[in-house]
Structures are given as C-alpha cells and as structure tokens.
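Take a moment with the sequence and the model. We will walk through a few places, step by step.

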Amino acid sequence: MAVKIGDIETGFGVRTLDANISREEYEKLPKAPIFFVLDNLRSAFNVGAFFRLGDILRVKTIYLCGYTAFPPHIKLEKTSLGTIDFVKWKHFDNIIDAINELKSENVEILAAETAKTAIRYDKLTFGEKNIAFVFGNEALGISQNVLQICDKIVEIPVFGLKNSMNVVSAAAILGFEAAKKLNLFEKFGSLKENE
C-alpha cells in the first residue's frame, strides 16, 4: 500500500504507531539482560537518546554517573520522547559505586573503549550473566581507574580519519550485537500490532 507523505507518494507502507499496549503491560514485559552505565557524559541530548535506545532494547536499567544529566531535566525530556518516564534509571555520584553494585549482582562489566587489550565487538560471546556496557565522556573516554575494574574492554573498529563515533551510535551497535547473540529478537518478538 502506497503512503503519501506531504506531496510525495511512497511505494511502501510506513509504520508510525508505537506499540499498542498500556504502560502497565509494558512494565511487565521481560527486560533484556543489559545495563547501560554512563560516566560523565557532557551532552544531555546524548543521555536522552540513551533513554530512547534503552526503551527499544528494553534494557534493565540505565546508570547515570557523575555529572551525567538525570531526570528531571528539560533536555532529557525533549530528546527522550517521554521514555524517561518508564525506562528504569539510577544516579550515582561516583561510577565506582555503580560498578560495584552491578558486580555484587554478578553482572559482567564491559567497557566501550579503544585500547590495546580491547576485544572487537563482533567477537564477544555472552554467557548466562547479565551484562553492563560502560560508556565514558564524549571527549575523554573512560578513565583508567574505571577500565581497570571492568571485566573486558570492547571496541568497534573504525575506518575513517577520525577515531571517533557518537557515544549513542556506539551503544546502539553494541546493544544490538548483544541482542542478536542473546537471541532477543526471537525471545521478545515485536510489539507492533500491524506485523
């Protein structure tokens, strides 16, 4: 079925509806065994985008550490498109406390960083543990003292002149790779009523 967008008619149907379930039903759905840990992100807009990504991957919790923006915050409200209202989050003044809490719950900690000892993201394997991806400041990355307490360092190869990728873009790559390897596409299915 063709869809008209403005003056342009497409040759395909565009799905524009959110999932047709209540918030209560959504909150009862199983969550992915994935956590995002954000340390000193300077852009509140990036943090809002993390909430959107956290929603679509159905992550367990987003840990907001240091001076990373956390709700209530006008920029988060704008870029999260309302997901700050239902994606679980916690704030920690210090990322070490966040990581220690996750480790006490037997969560494997994976730092997203370029380093000599880093494992290429597509070579990762996941066991039965929940996993947490740690993301550092957009300009400075993850501090050495945090890298030392992470279980693994994971990197995404880049082929351009700049060795840089937006932090939320990196999280999407890592999150969907984990979802694929954890068979979440099959386990979760789709919430779209018109599929």
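Leaving aside its neighbours within four places in sequence, which residues is Thr 79 in contact with? Contact here means heavy atoms within 4.5 Å. The residues are Ala 44, Phe 45, Gly 48, Ala 49 and Arg 52.

Before going on, note the ground rules. This is a predicted model, in which local features need pLDDT of at least 70, side-chain atom pairs count only at pLDDT 80 or more, and totals for chains, interfaces and linings use all residues. Residues are numbered from 1 along each chain as its sequence is written, and side-chain values use heavy atoms, with hydrogens and water left out.

Back to Thr 79. It is found in helix 3 (residues 74–80). Helices (H or I, at least four residues) and strands (E, at least two) are DSSP runs, numbered from the N terminus. Thr 79 counts as buried because its relative accessibility is 18%. Buried means under 20% relative accessible area, exposed over 50%, and partly exposed in between (1.4 Å probe, protein chains only). The side chain of Thr 79 reaches the backbone oxygen of Phe 45 at 3.4 Å. A polar atom of that side chain also lies 3.1 Å from the backbone oxygen of Lys 75.

Now find strand 8 (residues 131–135). Of its 5 residues, 5 are buried. Ile 131, Phe 133 and Phe 135 point one way, while Ala 132 and Val 134 point the other way. Which strands pair with strand 8? Strands pair if DSSP finds at least two bridges between them. Strand 3 (residues 32–39) pairs with strand 8 in the parallel sense over 5 bridges. There, Val 37 has Val 134 as its bridge partner. Strand 6 (residues 108–112) also pairs with strand 8 in the parallel sense, over 4 bridges. Here Ile 109 stands opposite Ala 132.

Next, the rings. The whole structure holds 8 aromatic pairs. Rings of Phe, Tyr and Trp (its six-membered ring) pair if their centres lie within 6.5 Å; planes under 30 degrees apart count as stacked, over 60 as edge-to-face and the rest as tilted. Phe 35 and Tyr 63 are an edge-to-face pair, 6.0 Å centre to centre with 70° between the planes. Phe 35 lies in strand 3 and Tyr 63 in strand 4 (residues 59–65), so this pair ties together parts that are 28 residues apart in sequence. Phe 35 counts as buried, at 5% relative accessibility. Tyr 63 is buried too, with a relative accessible area of 1%.

Key. Polar contact = N/O pair within 3.5 Å; in protein donor to acceptor, adjacent residues only side chain to side chain.
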